[in-house]
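Here's a quick briefing to read alongside the model. Have the structure open as you go.

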Amino acid sequence: MWATLLLLSLAAIQANALLRFPCAQLTVVRSDPLVQAGVVSGHLHQVVGGNSFDFSMPINQTDLQSSSCSSCLVRENKSNYWTPSLYFQSPVNGTYKRVKQKPGSLTGNPNAGMVVYYIQVGTVRGFPKGFRMISGDPMLRSYDSSIADSRSITFRCLQTDQTSGTDTNGMPTQSCAGGIRSQINFPTCWDGKNLDSSNHKVGNGRISHVAYATGSSFGNFGTGCPSTHPVQLPLLFLETYWDTAPYANEWRNGKSPFVWSMGDPTGYGYHADYMMGWPEAVLNNAMQQCTDQGGQVSSCSVLSSRSEQEMNDCAIPNRIDEDLDNWLPSLPGCNPIQAGPGRATMQSGCGAPTSFLPSSSVSFLRSDISGWTPVGCASENSGETLLTNTRTTISAITVPKCLNYCNQQGYKFAGLKGSQCSCGSSLNTSKVSSSYACNIACDGDLNGGSPYFITLILLVLNSIHPDYCGA
């Protein structure tokens, strides 16, 4: 079943040994430490991987192995991967709503994120420590088969089984019952010397540390590496599943209602970034010893796995004071729609925030509700209830609704999980942690009725209470 699914997923790609694993969402933020290091990025990205991800990550001062957690399945891997986010634009009033991501096929239930592949095309060596690169060009707005970045990207219009569908180089032009899957390959050839280059990617006339295999395209491995870049690397391939089904009736005359966060409605400007965060020897061993064509990490004896709870609990809050998830009059950052076919141009001066907050000053926990103090988030085992005095289901639940209910019942602790509000007079604090990723929005906040853009998993608030909307 797994191998069959994989072949469907990779379409025309030849069967090779590989690793395939899910990553939950680490953060959604206007940060790009490769292209716009140290400043707020021009457009929004969804990021997975190690929690040391930051606005500035200098190559000689960054060790991703220092991350205290990672949102990816493989325990040894603390790399970061990121792509632009997708928005729905209302054909009625032009406002924008961020499109949710969903787990990939046969990956369990990670919180959003993506699916990552390391494909062994021939004899490969692992990426060296400190290596980083980019695939794609955010300024492209038309397909050009002579440009390797164009050939590395496709989009699958998924049917209800999440695997079958039609691949296109640009965004689908019809409604997709199972959502849209973005798919991108990275270069596989390295010069053997440099961990990065000024443009972080294939050169287009400039010297670069990486190149695509000769004649390669999505689903075609090419005919080997050029002499300028002789070292064969694993084919890094990213899939992201976008839940576009809620907008199935919003298409007008074959025109897609979706736009990427850099103002691209075509999809030709889709791109992805990678920073290597493995122990170098471990990745090399995995590439040499793990030969399962189904890609299962459990079949690779040199690697171990995190639990799904650990993956979902590894998240960092947005450090820019801006709304990302309610109905927005414009895309985050200075990103007007640029449909091409000519190259897009960078925009600025629109009044979007240009500064970010210190990491010590942001949290998923809300501390702005009078009379209550956040305790942290808690993970309940199946059938377990941490707050035992009373529990109720609240329609379009929000943190204040639950707190008001528990206050009226006279209880000291309150917690949220899904649509459930629980109250208690005491709490086993050993089950609670302030480091859990309280980053799952409550149902009432998802409907745009709350002014808060990050609602918790929920924590536990104590009158001094707890809220935990999804642990």
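Helices here (H or I, at least four residues) and strands (E, at least two) are DSSP runs, numbered from the N terminus. Keep in mind that this is a predicted model: local features need pLDDT of at least 70, side-chain atom pairs count only at pLDDT 80 or more, and totals for chains, interfaces and linings use all residues. Residues are numbered from 1 along each chain as its sequence is written, and side-chain values use heavy atoms, with hydrogens and water left out.

**Helix H5**

- H5 covers residues 399-409, and its buried residues are Val399, Cys402, Leu403 and Cys406; buried means under 20% relative accessible area, exposed over 50%, partly exposed in between (1.4 Å probe, protein chains only).
- Looking down the axis of H5, you find those buried residues within an arc of 95°, so they line one face of the helix; the arc is that of the directions from the helix axis to the C-beta atoms.

**Disulfides**

- The structure has eight disulfides, where a disulfide is a pair of cysteine sulfur atoms within 2.5 Å.
- Cys157 belongs to strand E10 (residues 153-158), while Cys176 is in the loop between strand E11 (165-168) and strand E12 (180-185), so the link ties together parts 19 residues apart in sequence.
- The Cys157 and Cys176 link is left-handed too, with -115° about the S-S bond.
- Cys157 is buried at a relative accessible area of 3%, and Cys176 is buried at 2%.
- Cys290 and Cys300 also form a disulfide, with their sulfur atoms 1.7 Å apart.
- The link of Cys290 and Cys300 is right-handed, with 45° about the S-S bond.
- Cys290 and Cys300 are 10 residues apart, each in the loop between helix H3 (280-289) and helix H4 (308-313), and both are buried.

**The five-stranded sheet**

- Five strands make an open sheet in the order E2-E3-E4-E18-E9, with antiparallel pairing; two strands pair if DSSP finds at least two bridges between them.
- Strand E2 (27-29) and strand E9 (132-136) are the edge strands, each pairing on one side only.
- From one strand to the next, the twist averages 20° (axes are lines fitted to C-alpha atoms, for helices over the stretch in contact, and angles run from 0 to 180 degrees between N-to-C directions).
- E9 is joined by five bridges to strand E18 (residues 271-275), and the two run antiparallel.
- Arg132 stands opposite Met275 in E18.

**Nonpolar cores**

- The largest nonpolar core has 54 residues, and Phe21, Tyr81, Tyr118, Phe127, Leu236, Tyr274 and Trp278 touch the most other members.
- A second, separate core has 14 residues, among them Leu26, Val47, Met57 and Trp82.
- For reference, a nonpolar core is a set of buried Ala, Val, Leu, Ile, Met, Phe, Trp, Tyr and Cys residues joined through side-chain atoms within 4.5 Å.
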